[in-house]
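Me: I would like to learn how to read the features of a structure one at a time, with the general idea coming before the particular case. Could we work through it together, with the model in view?

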Amino acid sequence: QVRLVESGGDLVQSGGSLRLSCAASGNIGRIGDMGWYRQEAPEKPRELVADITSRGRTNYADSVKGRFTISRDHAKNTVYLQMNSLRSEDTAVYYCDAGDTVTPWRHYWGQGTQVTVSA
């Protein structure tokens with residue numbers, strides 16, 4: 001099993017910055033790609049914000065390109081999301097995701113961390 005724990009969510013003013021962290025524990029060797037998703041409301045689907053492969057290749061949603069940066073520290077088993085120039089529309093619960101290299105259809109999720117951007 002893999003456990004993901006997010007942290008760093010907070011209330012911030014528009015234009016501000018936050019850094020989210022996601023620490024992985026458990027069967028680390030099974031983790032492949034990792035990413036951040038967000039969900040504006042429970043009835044809305046989660047949307048991909050950014051992801052990063054085990055080799056460091058990154059991918060971003062168009063809405064966050066140039067403002068957010070995803071990074072990964074293999075030594076600490078942690079993935080980060082640096083968020084700059086935050087906007088009110090970035091308000092959401094942010095979830096960390098990790099893919100399983102042994103069973104590719106399986107994904108692990110954290111519990112989520114709330115980011116609220118005030119206008």
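This is a predicted model: local features need pLDDT of at least 70, side-chain atom pairs count only at pLDDT 80 or more; totals for chains, interfaces and linings use all residues.

Me: Is D100 buried or exposed, and at what relative accessibility?

Reply: The general idea is to compare the relative accessible area with a cut-off, and buried means under 20%. D100 has a relative accessibility of 4%, and therefore it counts as buried.

Me: Which side chain makes a polar contact with the side chain of D100, and which residues are in contact with D100 once its neighbours within four places in sequence are left aside?

Reply: The side chain of Y108 is joined to that of D100 by a polar contact of 2.5 Å. Leaving aside the neighbours within four places in sequence, D100 is in contact with R30 and R106 as well as with Y108.

Me: What can be said of D97 in the matter of strand, accessibility and polar contact?

Reply: D97 also has its place in strand β9, and its relative accessibility of 4% puts it in the buried class. Its side chain makes a polar contact of 2.7 Å with the side chain of H107. Beyond four places in sequence, the residues that D97 touches include L4, D33, M34, G35 and Y37, and among them are also H107, Y108 and W109. By contrast with this list of contacts, a separation can be read between C-alpha atoms: those of D97 and A61, which are 36 residues apart along the chain, are separated by 15 Å.

Me: How many disulfides does the structure hold, and which residues does a disulfide join?

Reply: In general, a disulfide is a covalent bond between the sulfur atoms of two cysteines. The structure holds 1 disulfide, and it joins C22 to C96 with an S to S distance of 2.1 Å. Because C22 lies in strand β3 (residues 18–26) and C96 in strand β9 (residues 92–100), the pair ties together parts that are 74 residues apart in sequence. Both C22 and C96 are buried.

Me: How many aromatic pairs does the count come to?

Reply: A pair of aromatic rings is described by the distance of the centres and the angle of the planes. Here the count comes to 1 aromatic pair. The rings are those of Y37 and W109, whose centres are 5.1 Å apart and whose planes stand at 70°, so the pair is edge-to-face. Since Y37 belongs to strand β4 (residues 31–39) and W109 to strand β10 (residues 107–109), the pair ties together parts that are 72 residues apart in sequence. W109 is partly exposed, with a relative accessible area of 37%.

Me: Over which ring does the charged end of R46 sit, 4.6 Å from its centre?

Reply: That ring belongs to W109. The charged end of R46 also sits over the ring of Y95, 3.6 Å from its centre.

Me: Let us turn to strand pairing. In which sense do β7 and β8 pair, parallel or antiparallel, and over how many bridges?

Reply: Strand β7 (residues 68–73) pairs with β8 in the antiparallel sense, over 6 bridges, and the bridge partner of D73 in β8 is T78. The two strands form a hairpin with 4 residues between them, and N77 in the turn has a positive phi of about 50°. β8 is also joined to β3 by 6 bridges, these strands running antiparallel, and L20 stands opposite L81 in β8.

Me: How many residues of β8 are buried, and what does the side chain of T78 reach?

Reply: β8 is mostly covered, with 5 of its 6 residues buried. T78 has its place in this strand, which spans residues 78–83, and at 9% relative accessibility T78 counts as buried. The side chain of T78 reaches the backbone oxygen of K76 at 2.8 Å. Not counting residues up to four places away in sequence, T78 touches S21, C22, A23, S71, R72 and D73.

Conventions. Residues are numbered from 1 along each chain as its sequence is written. Side-chain values use heavy atoms; hydrogens and water are left out. Buried means under 20% relative accessible area, exposed over 50%, partly exposed in between (1.4 Å probe, protein chains only). A polar contact is a pair of N or O atoms within 3.5 Å; within protein, one must be able to donate a hydrogen and the other to accept it, and residues adjacent in sequence count only if both atoms are side-chain atoms. Contact means heavy atoms within 4.5 Å. A disulfide is a pair of cysteine sulfur atoms within 2.5 Å. Rings of Phe, Tyr and Trp (its six-membered ring) pair if their centres lie within 6.5 Å; planes under 30 degrees apart count as stacked, over 60 as edge-to-face and the rest as tilted. A charge sits over a ring if NZ of Lys or CZ of Arg is within 6 Å of the ring centre and within 35 degrees of the ring normal. Two strands pair if DSSP finds at least two bridges between them.
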